[in-house]
Amino acid sequence: MLRVELKREVLEKNLIRQNCSKKELAHRVGVSRSYLSAICTGRIEPSPGMRQRFLEYFKCSFDDLFLIQDEEKCKTN
């Protein structure tokens, strides 16, 4: 099964570039700070709609901001 994860280092760089805090980002994309935190730490996978909101906000490509991983390979490594 595949899992989509947010690239945290890319997110951090984009936030710095736009002079935006995670609190502001959560507000601007319409989620709670705790939900955004769970996405950032990889506890939950962002939904397709949430991924689209990130891409529209940062004006970047999917591959720039997200990583697709095979959950089975991650568990065995």
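Student: How are α2 and α4 oriented relative to each other, and why is that the description?

Tutor: Two packed helices are described by the angle between their axes and by the distance between those axes. In this predicted model, helix α2, covering residues 22-29, packs with helix α4, covering residues 48-58, at an angle of about 115 degrees, and their axes lie 10 Å apart. Because angles of 65 to 115 degrees count as roughly perpendicular, α2 and α4 are therefore roughly perpendicular to each other.

Student: Which residues of α2 and α4 make the contact?

Tutor: On the side of α2 the contact is made by Leu25, Arg28 and Val29, while α4 contributes Met50, Arg53, Phe54, Tyr57 and Phe58. Sorted by class, this contact of α2 with α4 has six nonpolar residues and two charged ones, with no polar residues.

Student: In which hand does α2 pass α4?

Tutor: The crossing of α2 past α4 is right-handed.

Student: How many helices and strands does the chain have, and what pattern does the chain follow along the sequence?

Tutor: The chain has six helices and two strands, and, read along the sequence, these follow the pattern β-α-α-α-α-α-β-α. The radius of gyration of the chain is 12 Å, close to the 11 Å that the globule rule gives for 77 residues, so the chain is as compact as a globular protein of that length. Along its principal axes, the C-alpha trace spans about 40 × 25 × 20 Å.

Student: What share of the residues in the chain is buried?

Tutor: Buried residues make up 31% of the 77 residues in the chain. As for contacts with a separation of 6 or more, 59% of them in the chain come from residues 24 or more positions apart.

Terms used:
Residues are numbered from 1 along each chain as its sequence is written. This is a predicted model: local features need pLDDT of at least 70, side-chain atom pairs count only at pLDDT 80 or more; totals for chains, interfaces and linings use all residues. Side-chain values use heavy atoms; hydrogens and water are left out. Axes are lines fitted to C-alpha atoms, for helices over the stretch in contact, and angles run from 0 to 180 degrees between N-to-C directions. Helices (H or I, at least four residues) and strands (E, at least two) are DSSP runs, numbered from the N terminus. Angles under 35 degrees count as roughly parallel, over 145 as roughly antiparallel, 65 to 115 as roughly perpendicular and the rest as oblique. A crossing is left-handed if the near helix is turned anticlockwise from the far one by less than a right angle, and right-handed if clockwise. Contact means heavy atoms within 4.5 Å. Ala, Val, Leu, Ile, Met, Phe, Trp, Tyr, Cys and Pro count as nonpolar, Asp, Glu, Lys and Arg as charged, and the others, Gly among them, as polar. The radius of gyration is taken over C-alpha atoms; the globule rule is 2.2 Å times the number of residues to the power 0.38. Buried means under 20% relative accessible area, exposed over 50%, partly exposed in between (1.4 Å probe, protein chains only).
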